[in-house]
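Reader: Can you show me the model we're going over today? I'd like to look at it first.

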Amino acid sequence: VETPLLVATNRLPFTLVREARGLERRPSTGGVVSSLDALLRHRGGAWLGWPGLMLRHGETIPHDLADTYRVESFGLSEAEIAHYYDGFCNRTLWPLFHDFVERARFAADDWCAYREVNERVALEAASRTNRDVPVFVNDYHLMLVPASLRARQSDRRVTFFLHIPFPPLDVLRLCPWHQELVKGLLGCDLVAFQTGRHVEHFLAAAETLAEVEVDRTARTVRSAGRVTRVGAFPIGADFERFDHWAREAPRRSWSSRVVIGVDRLDYTKGLCERLRAFERLLDEYPEHRGHTTLVQLAAPSRPHLPEYQDLKREFEAVVNSVNSRFGTPGWMPVHYQYELLPQPRLAEFFRAADVALVTPLSDGMNLVAKEYVASQVDERGVLVLSTTAGAAETMTEALTTDPRDIDATAEALHRALTMHEAERQARMRAMRDRERRNHLHAWAQRLLDGSLS
Ligand code: ADQ
């Protein structure tokens with residue numbers, strides 16, 4: 001019999017909205033949510049997270065008949081949303097860990113709120129499940145939970161996975177509380193990252209702590225008489241579903257060749273640099289004018305934060321300038337859509353696209369690269385990928401580029417658009433074989449097996 005599990009994330013797999021009839025659940029979509037959900041459905045247990053609003057006295061989370069595991073929630077006050085979530089999570093850790101040092105804000109009241117919320121989540125996790133239930137803590141919002149949980153229950157099994165990069169020591173050190181963050185993770189039995197590089201960064205950070213013994217070869221950290229294992233567990237896409245959606249998708253014919261970009265509208269994703277590279281391509285290789293369209297799908301993200309509003313304005317200005325420079329009555333160079341599309345629609349775009357331009361400035365993994373490969377059922381497209389995306393560590397058949405180097409990205413794009421069929425197919429087939437094995441659910445299972453071994 002498989003042991004049940006407690007999954008702890010910042011958000012629950014749905015958001016609660018208050019309607020006239022009462023509270024309603026709006027399910028979240030996305031790969032990670034669906035894989036953790038599948039895992040819990042299979043093993044049973046509980047999911048602990050924030051439902052997106054404050055429950056009022058007497059309100060409870062509406063039950064769903066399909067629930068096969070318990071849903072447990074924690075609340076966040078307005079001040080905590082401002083200081084813990086918008087503050088320390090999204091204005092300190094997010095930019096710092098993605099190496100946007102100048103954007104990172106270090107405010108003591110944000111840090112205090114982060115500590116308090118993490119404490120509370122650990123308390124909830126400890127009290128709402130039996131001690132023999134392993135806990136799987138997710139992502140940068142909850143880095144102090146493992147140590148806090150360990151202090152209460154020394155025998156609890158705890159695993160942590162970081163979806164974003166773990167930065168090199170010289171960047172991490174800029175955070176006045178970086179040692180506390182590392183100590184927080186050392187409460188785990190297993191700390192897991194997306195890539196080997198992030199593992200190395202973490203071990204280097206652990207080495208700076210007093211009374212800690214790091215074994216770089218075995219990838220272990222001994223502290224307070226206990227051993228924490230550290231490892232790379234690269235996440236995968238939901239391969240079979242994208243493959244299936246792509247095969248089922250209606251075949252629309254495009255009047256030009258298609259280069260696709262799909263991202264949350266976030267400054268880490270390098271959207272403006274990508275457009276500049278496309279513009280450079282049209283400048284340097286006029287043969288693509290009139291024949292190639294960049295389709296950029298952008299999902300709204302953190303739209304209430306001023307830096308995201310600025311980014312949206314800036315990006316849309318670049319779209320307009322490229323379109324007005326090169327556009328003709330019969331051809332619009334950039335087709336831009338600001339909305340969250342259903343995943344089957346994404347698969348349709350991915351299948352049709354001759355090239356995917358996946359050029360984040362920094363990224364833990366990047367699932368879009370993998371979803372594109374999964375949807376390339378005709379094996380004729382080319383993936384252009386940033387060296388700075390975690391995905392580049394394993395997707396070695398992609399054409400890689402430094403996303404800040406506009407000329408290099410334009411070159412890579414030209415090479416992709418002119419590559420011979422046999423080479424395109426060989427590269428795509430190798431990536432499809434790897435990603436088919438390395439799919440999302442296999443990742444979750446590997447992580448659990450790793451934490452229980
Ligand atoms: P994200 O930063 O959100 O995730 P990513 O891996 O690219 O980055 O995943 C984005 C997801 O959103 C993909 O599944 C994509 O299909 C979807 N998406 C993007 N734009 C969309 C649109 N317009 N419509 C519909 N769907 C859209 C974090 C880390 C990543 C890491 C993941 C998983 O930052 O590095 O790969 O977690 O661990």
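Author: Here we go through the ligand and its surroundings, then the cavities. Keep in mind that this is a predicted model.

Reader: Okay, where does the ligand sit?

Author: In the largest pocket.

Reader: How many residues surround it, and which are the closest?

Author: There are 23 residues around the ligand. The closest are His163, Asp363, Met365, Leu367 and Glu371.

Reader: How do those shell residues divide into nonpolar, polar and charged?

Author: The shell has 13 nonpolar, four polar and six charged residues.

Reader: Which helices or strands supply at least two residues of the shell?

Author: β12 (257–264), β13 (292–299) and α12 (367–375) each do.

Reader: What about Met365, how far is its backbone from an oxygen atom of the ligand?

Author: A backbone N or O atom of Met365 is 2.8 Å from a ligand oxygen. Gln194 uses a polar side-chain atom instead, 3.0 Å from an oxygen atom of the ligand. For Asp263, a backbone N or O atom lies 3.4 Å from a ligand nitrogen.

Reader: And how much of the ligand's accessible area does the protein cover?

Author: 88% of the 710 Å² that the ligand has on its own.

Reader: New topic. How many cavities of 30 Å³ or more are there?

Author: Four. The largest cavity holds about 40 Å³ of space.

Reader: What gives the most to its lining?

Author: α14 does, with four residues. Among the lining residues are Arg424, Arg427, Met428 and Met431. β16 (382–386) also supplies at least two.

Reader: And the classes in that lining?

Author: Six nonpolar, one polar and three charged residues.

How values were computed: Residues are numbered from 1 along each chain as its sequence is written. This is a predicted model: local features need pLDDT of at least 70, side-chain atom pairs count only at pLDDT 80 or more; totals for chains, interfaces and linings use all residues. Side-chain values use heavy atoms; hydrogens and water are left out. A residue is near a molecule or strand if one of its heavy atoms lies within 4 Å of it. A polar contact is a pair of N or O atoms within 3.5 Å; within protein, one must be able to donate a hydrogen and the other to accept it, and residues adjacent in sequence count only if both atoms are side-chain atoms. Accessible areas come from the Shrake-Rupley method with a 1.4 Å probe; for residues, only the protein chains shown count as cover. On a 1 Å grid over the protein atoms alone, a cavity is a set of points where a 1.4 Å probe fits but cannot get out, and a pocket is an open set with protein on both sides within 12 Å along at least five of seven lines; lining residues have an atom within 4 Å of a point. A molecule sits in a cavity or pocket if more than half of its atoms lie within 2 Å of its grid points. Ala, Val, Leu, Ile, Met, Phe, Trp, Tyr, Cys and Pro count as nonpolar, Asp, Glu, Lys and Arg as charged, and the others, Gly among them, as polar. Grid points are joined across faces, edges and corners, and a volume is the space filled by probe spheres set on the points.
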